[in-house]
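Me: I'd like to learn how to read a model with several chains. Could you walk me through it?

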Amino acid sequence: MDLTPIWLTLKLAAITTMILLIVGLPLAYWLSKGRSIAKIILEAIITMPLVLPPSVLGFYLLMAFSPKHGIGEWLHNTFDIQFVFSFKGLVLASVIYSMPFMIGPIKSALQQLPLSLSQASYTLGKSERETFIKVLLPNIRASMLTAAILTFAHTLGEFGVVLMIGGNIPGVTRVASIAVYDSVENMDYASANAYSLTLFCITFIMVISVFVFNKYKAKSPLE
Amino acid sequence: MKIKIPFIIAVFFLFASITSFAQELKVAVAANLQGVIKALGKDFKQKTGIDIQPIVGSSGNLSTQIKNGAPFDLFLSADMSFPESLAKEGFSTKEPGVYAYGSLIICSSQNIGFENWERLLLSGRIKKIAIANPAIAPYGKAAEESLKLKGILDDIQSKIVTGESISQVNTYITTGTVDVGFTTRALVKDIEGKTTIYWKEIDPKSYAPIKQGMIILKQSKETASAEKFYEYMLSPAAKRILKEYGYGV
Amino acid sequence: MISIDIEKKLKAYRGEQVLKIEAQFETGSITKIYGPSGAGKSTFLKIIAGLIEPEYGKISVDDAVWLDTVLKTSLSPQKRKVGFVFQNYALFPNMTVQQHLEYVSDDAQWTNRLLTIGKLETFTSHKPEYLSGGQQQRLAILRAMAIRPKLMLMDEPFSALDPKMKSELIPGLKSIWDELGTTVLIVSHNPQELEGLTAREIYVESQ
């Protein structure tokens, strides 16, 4: 069995999760503080990938970044960068597709912290940034871990978006989920089974560990 | 933070383990070639040391992907019009060259008996018929032409299951999810020794010849190797292999 | 000298009420704030600390203007640096007793002095969940003291302490307040607890 799709899948999930941790934490924090119209709209947009068919998201990304026109054309001509049919494109698509899984639990957890925690920190002369890093984040560690694991596992399972914007380029965009599909098309059922079983085991272990971990913290992992 | 460090390590590890595919040729091949391309690739590697990575799909889908920037070096279509239109839009520098002629067969995983297949399709015995999407798969188009000529297309329309490529049609046929399907002659050699299928060649006069054309894509970064493969496809060695799989050369 | 004049709408269980207070506090004085439940005493303290904005208000501390809603100026709570003791303590679950004080000050001599006054020297590596209610409350007080505040706002700060503990703690706090010249406002329901400590009382009631 060619292991490349498995490595590609793990690489994609790891990079996506890291990017979402870096981008998602400040964003979740900002969203957790009060409800302006702008925040409500932004939160709705971020949540869209949860309900939108992945092929729709993939289609819009394909149209947006196709080197034939618009942004894609500009990127291609100026930087020789292409987001379609490339690993970069998959990362971009995954970040968008898995964002609600990172933002959701973290924002919830931040909102459940008593307001007086940050207030106390402010009266001690600490800036919002320092308060966020030293007081808030350490107290939502469980949710951060859950969010990261869910994001990772969710990215492992991407198919529709990847197919649309990544194609099926071996070694580049043929991630494990696509490799399963590809193997079936080639009537190579042995490989299809091997990839499927591997993906199933990895994701099952991750989901179980999230539930076990949260059992001891007495919280629903999906909040 | 404690969580980030394992991730960073994981990423470095994963980065290191992905092998580079820089020297390989990415050849987009129409689905009917999915079996023969493996044999051709092996022979080509033996002769030149160059690896090819086939990407299999329907000619139409591959053509669209190329227009949207897919990084292929060559495109082996199941017809002439897809590569011709790509050449016209500037995706290749030369007009497509013919590398093979395809043959259409009707086949099934059950031993039905195809002597009078036109009547067979109309009977209640046959509930599901697979053909490849005629818009994007030239073999599907050929099947449609043949059915139209025989005057039975309209009557069996409700039984037709469309596969998005010959690959999918082959899956339907070999797993028995359809009763019969129209596919490429090459399937017979593809599954030799693995599965049993029963088949018959469709009269070539009932459909326009399946002239299969190939082009080197302008965006290719491995033009020297691509040229070599193009020449190889026209060589006697390649023709011998293609003939084994039922193609006309 | 602290000058306060504020007006704030409160969402109380009796419907909407208005909290209106105009008062001055001498520098270095200790004042008790008392009144009916829900009157807005906690809100009053939070407004002074800059954690809540009133609809109308003017607060000045000596020559500095902390708040002027007419001129639209408001000093951030970080800059006001009031020692605030919350009614619910607001301790940081992730930090030990020692870390709470180190978060504020890296002067080891100073923090050790505070720990001694609060009798928490032997609990320095405990996190709040392993402290008793009384110990938690003492930590909340010490944390607020750690910034060497010029103004100290305390919301029911001794409710979990028994009389013996109080009699040991309060003199220690008082001596620091005298050193720093701290002005102190204490909200308390308990009629006797601040006897002898506070020079003055203010009754807060919202209408």
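Predicted model: local features only at pLDDT ≥ 70, side-chain atom pairs only at ≥ 80, totals over all residues.

Me: Into which domains is chain B divided?

Reply: Domain bounds come from an automatic or database domain assignment. In chain B, domain 1 covers 4-101 + 210-244 and domain 2 covers 103-206. Their C-alpha centres lie 27 Å apart.

Me: How many residues of these domains of chain B are in contact?

Reply: Two residues are in contact if their C-beta atoms, placed from the backbone, lie within 7 Å. Here 15 residues of domain 1 of chain B meet 16 residues of domain 2 of chain B. On the domain 1 side, strand 2 (52-57) and helix 3 (59-67) of chain B each supply at least two residues; helices (H or I, at least four residues) and strands (E, at least two) are DSSP runs, numbered from the N terminus. The largest share of that side, 3 residues, comes from helix 3 of chain B.

Me: Is Glu26(C) buried or exposed?

Reply: A residue is buried if 20 or more other C-beta atoms lie within 10 Å of its own, exposed if 12 or fewer, and partly exposed in between, with C-beta atoms placed from the backbone. Glu26(C) is exposed because 12 other C-beta atoms lie within 10 Å. Glu26(C) sits in the loop between strand 2 (15-25) and strand 3 (30-34) of chain C.

Methods. Residues numbered from 1 in each chain as written. Chains lettered and ligands numbered in written order.
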